[in-house]
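Colleague: Before I plan anything around this protein, I would like to go through one part of it closely with you. Please keep to what the model itself shows.

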Amino acid sequence: MSFFNTSEPILRRKQHDLDLQDLQGLWRIHWRVGNVTLLSTHYTRIDQVFILWGLLSAAIFITAQFLPLAWTDQAILWSLVTVLGIGGMVSLSWSWAVVERASWIVGCWVVLMVVGLALTDLSVFAVWGEVLLRLGPLWLGLSAIGYLCTGLGLRSRALFLTGVTHLLSAVVLLHIQSWQFLFTGGVMASSLILLGEVQWDMRQPIDHDLSEAQKQFNREQHRLRQIVASSNS
């Protein structure tokens with residue numbers, strides 16, 4: 001038996017027959033002008049986490065690349081924003097993570113972000129030149145660890161390959177210093193937005209801590225997804 005769920009494509013359009021843990025806090029968007037549908041999609045709480053960090057990553061690294069703000073001012077501002085982002089991530093993902101027995105993954109990301117934030121702030125306020133010059137590779141490397149752990153924990157090829165992409169990008173950036181913040185923000189933000197906009201592969205959902213009725217609901221949703229997948233193949 002394959003470690004990854006190879007019966008599913010790595011990336012595909014979002015499915016609509018969602019499990020109970022994915023329906024909690026779901027955002028549905030349906031924009032129409034007359035009879036023309038401009039946008040019809042939905043965002044689970046995990047999708048919302050990806051979109052949140054995608055926007056924050058873009059803002060942080062674009063600011064560092066282009067705006068003439070003092071490093072100390074940026075460190076204070078983005079430290080506060082990052083702490084709020086960590087709180088938002090935990091709040092949005094925790095109930096899903098408990099059901100999926102993936103709370104350790106959330107903890108892993110929290111630790112990685114705190115480590116990255118601490119090293120970034122120390123490099124600015126303590127003038128650690130070697131670290132300050134390599135903030136891009138630092139954050140890409142920490143993100144790579146997070147994605148690799150998440151990909152293995154959820155048995156997701158999409159997340160694992162995202163980790164590999166971040167790791168290779170960090171290696172490239174160690175040898176190319178120009179535009180490092182734009183490059184870093186581009187890799188991180190584009191990956192996060194993509195993962196928030198599509199359905200990525202993972203192992204079969206876990207029904208931990210659900211009632212029998214809730215488990216039956218998830219089984220029916222799984223059956224409906226299989227029917228849709230078969231009709232589209």
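Does E100 count as buried or exposed, and at what relative accessibility?

Modeller: Bearing in mind that this is a predicted model, E100 has a relative accessibility of 2%, and since buried means under 20%, E100 counts as buried. Its partner is R203, with which E100 forms a salt bridge whose closest N and O atoms are 2.8 Å apart. Because E100 sits in the loop between α3 and α4 while R203 sits in the loop between β4 (199-200) and α9 (212-232), the pair ties together parts that are 103 residues apart in sequence. R203, at 14% relative accessibility, also counts as buried.

Sorted by class, the residues in the contact of α3 with α4 are 17 nonpolar, 5 polar and 1 charged.

For context, the salt bridge count comes to 5, and one of these joins D47 to K14, with the closest N and O atoms 3.3 Å apart. D47 is in helix α2 (residues 45-66) and K14 in the loop between β1 (11-12) and α1 (20-23), so that pair ties together parts 33 residues apart in sequence. D47 counts as buried at 7% relative accessibility, and K14 counts as buried at 13%. E130, by contrast, pairs with R134 at 2.7 Å between the closest N and O atoms; there E130 counts as exposed at 56% relative accessibility, and R134 is partly exposed at 35%.

Technical notes
Residues are numbered from 1 along each chain as its sequence is written. This is a predicted model: local features need pLDDT of at least 70, side-chain atom pairs count only at pLDDT 80 or more; totals for chains, interfaces and linings use all residues. Side-chain values use heavy atoms; hydrogens and water are left out. Ala, Val, Leu, Ile, Met, Phe, Trp, Tyr, Cys and Pro count as nonpolar, Asp, Glu, Lys and Arg as charged, and the others, Gly among them, as polar. A salt bridge is a side-chain nitrogen of Lys or Arg within 4 Å of a carboxyl oxygen of Asp or Glu. Helices (H or I, at least four residues) and strands (E, at least two) are DSSP runs, numbered from the N terminus. Buried means under 20% relative accessible area, exposed over 50%, partly exposed in between (1.4 Å probe, protein chains only).
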